[in-house]
Structure formats: structure tokens, C-alpha cells
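Opening the notebook on this one.

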Amino acid sequence: MFVGAVVVVAGYVSASGGAAHPPLVSGYDIPETLDGRFELRGPPQTAPLITAEKALDLAMSYAAGLAPNPKDASVQYVAFTDTVRGVELTDGSIALDYADVPAWIVRLRGVPQPVFGGRHMPMELRRDQPQATELNVVLDARTGEYMEMFSFR
């Protein structure tokens, strides 16, 4: 079971004075491993340098075209690993781009996203997958740097 820090901020307005963000709700438990690719542990022992409010603001900016009007959002602090993304070494192993990086996962719900069914599912079965209704934006909690986005439900 995933254990992480969940931050709920009420009545948040972006730092730029723009429109209010979607209502924030508590995060929910997500598996420690998603599709054998993403590992989420946490919360990390170190405090994030980027606040939850700033993470939400950045995520809304990074996901603007994919999540124009989310129903709600949650912000969760985790140690994030992508077990696939990286550089293949001569011995066949992978030097991972993201391994136990202190990260914010900003979950935007109510935004339809295509689901491709996982990397091991045959293409003909992927087409029949229902759309996901959330988008997860992963940000480095030390810098606010965009890392990646994914949907799984």
C-alpha cells in the first residue's frame, strides 16, 4: 500500500493572480508500482523545496492543453522512480533518469485521457480501453522541473 504525504490547500488562487484552481481534495492511495514502470514511495525524508501551492500552479501550466478544466486536484509528495526511462548501458542495465526523486504528483481529475492499456497489452486490445479521467503531473520537488505525465485510471 502506498503511504505518502497529502497536502490539501483550500481556496487557492494562482500566484500570478489568475483564475482559481480546481478545488483540492485529499489524495488517494495508489499502488506502489504502476504498470511495472512507476514506483511511488514516500513521503521522502527531506522536505520539498517547492511548495504544494507552487507545484499545483506549475502543473496547471504544464498540463494546460490536456487538462483545461479539471473537476478537482490533489497534491501528493512522494519518492518517484521511472524504472524504464533512462540510458541503456553497455551491460544492458539502464541508468535511470528518475530514481527516488523527491517529487510532487499533482493529480487532475475529470479530464478525459486516452489509455493505451500498458506496454505489454497487444495493440488490438489497447484500442478498446476506456478513457482515463485523470492526469498525473510529476514535478521535481526540489526545483519545480517538469518530469513527466501519466494516466492510469
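Looked up the strand 8 and strand 9 pairing: strand 9 covers residues 146-150, and the two run antiparallel over 4 bridges. For the record, strands here are DSSP runs of E with at least two residues, numbered from the N terminus, and two strands pair if DSSP finds at least two bridges between them. Within this pair, I find Val138 opposite Glu148 of strand 9. The two strands make a hairpin with 5 residues between them, and Gly144 in the turn has a positive phi of about 85°.

Note on the source: this is a predicted model, where local features need pLDDT of at least 70, side-chain atom pairs count only at pLDDT 80 or more, and totals for chains, interfaces and linings use all residues. Residues are numbered from 1 along each chain as its sequence is written, and side-chain values use heavy atoms, with hydrogens and water left out.

Next, the other partner. Strand 7 (residues 101-113) pairs with strand 8 in the antiparallel sense, over 8 bridges. Ala103 has Asp140 of strand 8 as its bridge partner.

Is strand 8 mostly covered or open? Covered: 8 of the 9 residues in 132-140 are buried (under 20% relative accessible area, 1.4 Å probe, protein chains only; over 50% is exposed, partly exposed in between).

Last, I checked Val101, which sits in strand 7. Val101 counts as buried because its relative accessibility is 7%. Leaving out residues up to four places away in sequence, I get contacts with Val78, Ala79, Phe80, Asp140, Arg142 and Met147 (heavy atoms within 4.5 Å). Arg41 is 60 residues from Val101 along the chain, with 9.9 Å between their C-alpha atoms.
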